[in-house]
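Here is a short briefing on one protein chain. Keep the sequence and the 3D view open as you read.

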Amino acid sequence: MADDFGARLVRLRKARGLSQRDLAARTGIKAQNLSQIERGGRAQVRYNTLVRLIDALDCSADVLFGLEDDTPPVLAEGTAKQRKMVHA
């Protein structure tokens, strides 16, 4: 389960265009500690660390724990003109 959590953390971080150093700066968590969490090297993560990650990644706890999906809906395939018509 720790590996799943770490993989989700990496995916969320990268989806927001953040490096480990960027996320570390936003959370006040050392980059080496984030690396350990992402690699599954920490079996338990402190509550205040989770809160900082949730705030910095602008996601819900459900998304961070994998209970809810954070993937944006995919537009139906079509031409750029068709997509513009849908959003007009």
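Of the 88 residues in this chain, 28% count as buried. The model is predicted, and the chain averages a pLDDT of 82. The secondary structure comes to 6 helices and 0 strands.

**Overall build**
- Read along the sequence, the pattern is α-α-α-α-α-α.
- Take the contacts between residues at least 6 apart in sequence: 56% of them join residues at least 24 apart.
- The accessible surface of the chain comes to about 6400 Å². Carbon and sulfur atoms account for 51% of that surface.

**Confidence**
- A pLDDT of at least 70 is reached by 76% of the residues.
- Where is confidence highest, and where is it lowest? Helix H2 (residues 20-27) is highest, at a mean of 96. H6 is lowest, at a mean of 50.
- Over residues 73-77 the pLDDT is below 50. Beyond near neighbours in sequence, this stretch has 3 contacts in the model.
- Where pLDDT is low, the predicted coordinates should not be read in detail.

**The aromatic pair**
- The structure holds 1 aromatic pair. Its members are Phe5 and Phe65.
- The ring centres of Phe5 and Phe65 are 6.0 Å apart, and the planes are at 35 degrees.
- Where do Phe5 and Phe65 lie? Phe5 lies in helix H1 (residues 2-15). Phe65 lies in the loop between helix H5 (61-64) and helix H6 (80-87). The pair therefore ties together parts that are 60 residues apart in sequence.
- Are Phe5 and Phe65 buried or partly exposed? Phe5 has a relative accessible area of 9%, so this residue is buried. Phe65 has 38% relative accessibility, so this residue counts as partly exposed.

**The salt bridge**
- Side chains of opposite charge can pair when their charged atoms come close.
- How many salt bridges are there? The count comes to 1 salt bridge.
- Arg13 and Glu38 form this salt bridge, with their closest N and O atoms 2.7 Å apart.
- Arg13 is in helix H1, while Glu38 is in helix H3 (residues 31-38). The two residues are 25 apart, and the pair links distant parts of the chain.
- Both Arg13 and Glu38 are buried.

Technical notes: Residues numbered from 1 in each chain as written. Predicted model: local features only at pLDDT ≥ 70, side-chain atom pairs only at ≥ 80, totals over all residues. Heavy atoms only, no water. Phe/Tyr/Trp six-rings, centres within 6.5 Å; stacked < 30°, edge-to-face > 60°. Helix = DSSP H or I, 4+ residues; strand = E, 2+ residues; numbered from the N terminus. Buried < 20%, exposed > 50% of the residue type's maximum accessible area, 1.4 Å probe, protein only. Contact = heavy atoms within 4.5 Å. Areas by Shrake-Rupley, 256 points an atom, 1.4 Å probe, with all protein chains shown as cover. pLDDT = per-residue confidence, 0-100. Salt bridge = Lys/Arg side-chain N within 4 Å of Asp/Glu carboxyl O.
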